[in-house]
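Trainee: I have a new structure to read. Please walk me through its features.

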Amino acid sequence: QVQLVESGGGLVQAGGSLRLSCAVSGGTFSAYGLAWFRRTPGKDREFVVGITRSGVRTYSAHSVKGRYTIFRDNAGKTMYLQMNSLKPEATAVYYCAAVAQDLNSRAVPDTQGDYEYWGQGTQVTVSS
């Protein structure tokens with residue numbers, strides 16, 4: 001059974017930075033496309049960033065483009081989200097997600113229903 005465990009959330013001031021981690025166990029890490037979603041109270045989870053199984057291609061929501069970076073360490077079976085220039089509206093529970101991909105996949109889904117595995121989430125709070 002594939003398990004995802006997020007860490008790194010916390011309280012940060014607006015303009016600051018935070019790095020989230022997602023450790024993956026129980027599966028072949030390099031076979032999965034990965035993504036970060038976030039959810040605020042009363043709303044569905046929204047796509048933030050994603051990375052293909054090869055790590056060659058990454059995708060970002062327009063609202064975070066240029067400020068957030070996703071990367072993966074296949075040897076360490078961990079994915080990361082580096083968040084810079086944080087804004088108060090980034091306050092949310094952040095979830096990592098995984099979906100099995102073909103070797104030559106060139107994209108990752110941006111819809112939560114397309115992902116097979118999820119972590120429990122980590123809270124990020126950005127104060128103004």
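**Reading rings, cores and backbone**

Mentor: Start with the loops. Ser-85 lies in the loop between β8 and β9. Keep in mind that this is a predicted model.

Trainee: Where is Lys-77 placed?

Mentor: Lys-77 sits in the loop between β7 and β8. Lys-77 has a positive phi too, of about 55°, and is not a glycine either. Its relative accessible area is 40%, so Lys-77 is partly exposed.

Trainee: Now the rings. How do I describe a pair?

Mentor: Give the distance of the centres and the angle of the planes. This structure has six aromatic pairs. In one of them, the centres of the Phe-37 and Phe-47 rings are 5.7 Å apart, and the planes stand at 80°, so this pair is edge-to-face. The cut-off for that label is over 60 degrees.

Trainee: Which strands hold Phe-37 and Phe-47?

Mentor: Phe-37 belongs to strand β4, residues 32-39, and Phe-47 to strand β5, residues 46-51. The pair therefore ties together parts that are 10 residues apart in sequence.

Trainee: Are Phe-37 and Phe-47 buried or exposed?

Mentor: Both Phe-37 and Phe-47 are buried. They also form one aromatic cluster with Tyr-115 and Trp-118.

Trainee: Which charged residue sits over the ring of Trp-118?

Mentor: Arg-45 does: its charged end is 3.8 Å from the ring centre. Elsewhere, Arg-19 lies over the face of Tyr-80, 6.0 Å from the centre of that ring.

Trainee: And the cores?

Mentor: In soluble globular proteins, nonpolar side chains tend to be buried together. Here the largest nonpolar core has 29 residues. Trp-36, Tyr-68, Met-83 and Tyr-94 have the most contacts inside this core.

Trainee: Which elements give two or more residues to this core?

Mentor: They are β3 (18-25), β4, β5, β7 (68-73), β8 (78-83), β9 (92-100) and β11 (122-127). Apart from this core lies another, of seven residues, including Ala-35, Val-99, Val-108 and Tyr-115.

Trainee: What does Met-83 touch?

Mentor: Leave out residues up to four places away in sequence. Met-83 then touches Gly-16, Ser-17, Leu-18, Leu-20, Arg-67, Tyr-68, Tyr-94 and Val-124.

Note on methods. Residues numbered from 1 in each chain as written. Predicted model: local features only at pLDDT ≥ 70, side-chain atom pairs only at ≥ 80, totals over all residues. Heavy atoms only, no water. Phe/Tyr/Trp six-rings, centres within 6.5 Å; stacked < 30°, edge-to-face > 60°. Helix = DSSP H or I, 4+ residues; strand = E, 2+ residues; numbered from the N terminus. Buried < 20%, exposed > 50% of the residue type's maximum accessible area, 1.4 Å probe, protein only. Lys NZ or Arg CZ within 6 Å of the ring centre and 35° of its normal. Core = buried A, V, L, I, M, F, W, Y, C linked by side-chain atoms within 4.5 Å. Contact = heavy atoms within 4.5 Å.
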